[in-house]
Amino acid sequence: MKTLIIAFIALFSVATYAQSPYEKGMSQGLALWKSGNTTEAAAQFERIAQAEPDNWIPLYYQALIGTTTAFSIRDPEEKLKLIQNAKIILNKSSQDNNSEWLTLKAMNLVAELTTDPMTKSKTLAPTIYALYEKAIQLDPNNPRAVLGLAEFQIGSKKYFKQDISKECEAVRKALDLFETHKPALPFAPAWGKERAEQIVQNCGQ
């Protein structure tokens, strides 16, 4: 799972010349996360969110850190705490028409599902699919939404030993989208390409 977290943050290149307090704070937060200081990074984004109440991006990263970190945690209580804290952030902000936000909400539920797949799959899977599908509907060119849905479907199909060629093709589509889809705002999500490349490599195995 360590490679999963690295794939999420590998694209973040932190500018040291940021001039505004917001840019400086965001750059510092991303630098902390990239260096592995997840707790400090989350706290940094929380402070920025308090100073920028109308800006969804700091809250997004705060929730993203909790969600992605949860995938690598083995302790059930610690894992669920990270997931639930991120879920509180994701549910209290009104971003129902934000493709990136809905994609992260789906990822958060995937993390929750992994805590008890046999019990939680029946209730969580339909919501996960719905969130990814709405995210794609809102922005068909969002590579993270396309990738997230394909990866979730791959996991499900592998469990039942079903063919995943269609989903692998969707991941290849996501890779193409990473080349053309540019963030609309400074510090908007840009992660995922390395993860897509890893999945495509595994598709051939």
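A residue counts as buried when its relative accessible area is under 20%, as exposed when the value is over 50%, and as partly exposed in between. The structure described here is a predicted model. The protein chain holds 10 helices and zero strands.

**Overall make-up**

- The protein chain has 205 residues, and 46% of them count as buried.
- Read from the N terminus, its elements run α-α-α-α-α-α-α-α-α-α.
- The accessible surface of the protein chain is about 11100 Å², with 53% of that belonging to carbon and sulfur atoms.
- Among contacts in the protein chain with a separation of 6 or more, 61% are between residues 24 or more positions apart.

**Helix 2**

- Helix 2 has 14 residues, and the distance from its first C-alpha to its last is 20 Å, close to the 20 Å expected at 1.5 Å a residue.
- The buried residues of helix 2 include Tyr 22, Met 26, Gly 29 and Trp 33.
- An α-helix has 3.6 residues a turn, so residues three or four places apart point the same way.
- After helix 2 comes Gly 36, which has a positive phi, near 95°.

**Nonpolar cores**

- The largest nonpolar core has 43 residues, and those with the most contacts inside it are Phe 45, Tyr 60, Tyr 61, Leu 64, Ile 128 and Tyr 132.
- At least two residues of this core come from each of helix 2 (21–34), helix 3 (38–51), helix 4 (56–70), helix 5 (76–92), helix 6, helix 7 (117–138) and helix 8.
- A second, separate core has 14 residues, among them Ala 150, Leu 175, Phe 178 and Cys 203.
- Beyond its neighbours within four places in sequence, Tyr 60 is in contact with Glu 100, Trp 101, Leu 104, Pro 189 and Trp 191.

**A buried residue and an exposed one**

- Thr 103 is part of helix 6 (residues 99–113).
- Thr 103 has a relative accessible area of 1% and is therefore buried.
- Apart from neighbours within four places in sequence, the contacts of Thr 103 are Tyr 132, Ala 135, Asn 142, Arg 144 and Ala 145.
- Phe 160 sits in the loop between helix 8 (143–159) and helix 9 (165–180).
- Because its relative accessible area is 56%, Phe 160 counts as exposed.
- Together with Met 118 and Tyr 159, Phe 160 makes a nonpolar surface patch of about 430 Å².

**Salt bridges**

- Side chains of opposite charge can pair when their charged atoms come close.
- The count of salt bridges is seven.
- The bridge between Lys 87 in helix 5 and Glu 112 in helix 6 links distant parts of the chain, 25 residues apart.
- Lys 87 and Glu 112 also belong to a network of salt bridges with Lys 120.
- Lys 157 and Glu 167 form another salt bridge through their side chains, at 3.1 Å from N to O.
- Lys 157 lies in helix 8 and Glu 167 in helix 9, so this pair ties together parts 10 residues apart in sequence.
- Lys 157 is partly exposed, at 24% relative accessibility, whereas Glu 167 is buried, at 5%.
- In the salt bridge of Glu 179 with Lys 193, the closest N and O atoms are 2.5 Å apart.
- Glu 179 is in helix 9 and Lys 193 in helix 10 (residues 193–203), and the pair links distant parts of the chain, 14 residues apart.
- Glu 179 is partly exposed, with a relative accessible area of 46%, and Lys 193 is partly exposed at 24%.

Note on methods. Residues numbered from 1 in each chain as written. Predicted model: local features only at pLDDT ≥ 70, side-chain atom pairs only at ≥ 80, totals over all residues. Heavy atoms only, no water. Patch = residues over 30% accessible without salt bridge, like charges linked within 9 Å, V, L, I, M, F, W, Y side chains within 5 Å. Areas by Shrake-Rupley, 256 points an atom, 1.4 Å probe, with all protein chains shown as cover. Salt bridge = Lys/Arg side-chain N within 4 Å of Asp/Glu carboxyl O. Helix = DSSP H or I, 4+ residues; strand = E, 2+ residues; numbered from the N terminus. Buried < 20%, exposed > 50% of the residue type's maximum accessible area, 1.4 Å probe, protein only. Contact = heavy atoms within 4.5 Å. Core = buried A, V, L, I, M, F, W, Y, C linked by side-chain atoms within 4.5 Å. Expected span 1.5 Å × (residues − 1).
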